[in-house]
Amino acid sequence: MSKIGKKPIEIPEGVEVIQNGNVFKIKGPLGENEFILHPKVKSVRDGNQIIISIENESKLTKALWGTMRALLSNKIQGVLSGFQRDLILEGLGFTAEVIGDNISFKLGYTHPVLLPILKTVKVEIKPQRGSYIISIKGIDKAEVGKFAGKIRKIKKAEPYKGKGFRYSDEKIKRKSVKKLGA
């Protein structure tokens, strides 16, 4: 039995969920989302709750049960309050700015790095004492995380000086300076 899969999903006030077979259309104050439930997983609506269950207990359906419940719950939470992921850019001379539909980074390369912003996310950049905080917001948790990972991949924080991108809750394990002839 899946501990997560057994929990019912509460539909908060202000969120409208329309179910048509295995397709859910979710509307809320921040926008609308769509979710397709796997055919081996079923759902039952009971008032303002959605209960996810499985037909038979195979290895695949057990794995899908909790996953489908969590994904649907994230879609509902996304249209109500949204998701945010913060990145910190540290490094002397490193800059970040939004130019139209792109983010421009100066990271010590010979040219600025341009990254197009996805239509499903909003990006805010705030300078803060020698570093920049890049906030990525959106209603789809997967899209927000994927875009943050794409930015971080450009230049990960290195372990000697910590220069580069890191998540706001990430700790960089620092290494001591390499010494010659020791």
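Me: Is Arg129 buried or exposed?
Reply: This is a predicted model, in which local features need pLDDT of at least 70, side-chain atom pairs count only at pLDDT 80 or more, and totals for chains, interfaces and linings use all residues. Residues are numbered from 1 along each chain as its sequence is written, and side-chain values use heavy atoms, with hydrogens and water left out. Buried means under 20% relative accessible area, exposed over 50%, and partly exposed in between, with a 1.4 Å probe and protein chains only. Arg129 has a relative accessible area of 85%, so Arg129 is exposed.

Me: Where is Arg129 found?
Reply: Strands (E, at least two residues) and helices (H or I, at least four) are DSSP runs, numbered from the N terminus. Arg129 is not a glycine, yet has a positive phi of about 35°. Its place is the loop between β11 (121–128) and β12 (131–138).

Me: Over how many bridges do strand β8 and strand β9 pair?
Reply: Two strands pair if DSSP finds at least two bridges between them. β8 (residues 95–99) and β9 (residues 102–106) are antiparallel, and the count is 5 bridges.

Me: Which residue in the turn between β9 and β10 has a positive phi of about 90°?
Reply: β9 pairs with β10 (residues 113–116) in the antiparallel sense over 4 bridges, with Ser104 opposite Leu114. The hairpin has 6 residues between the strands, and the residue in its turn with that phi is Gly108.
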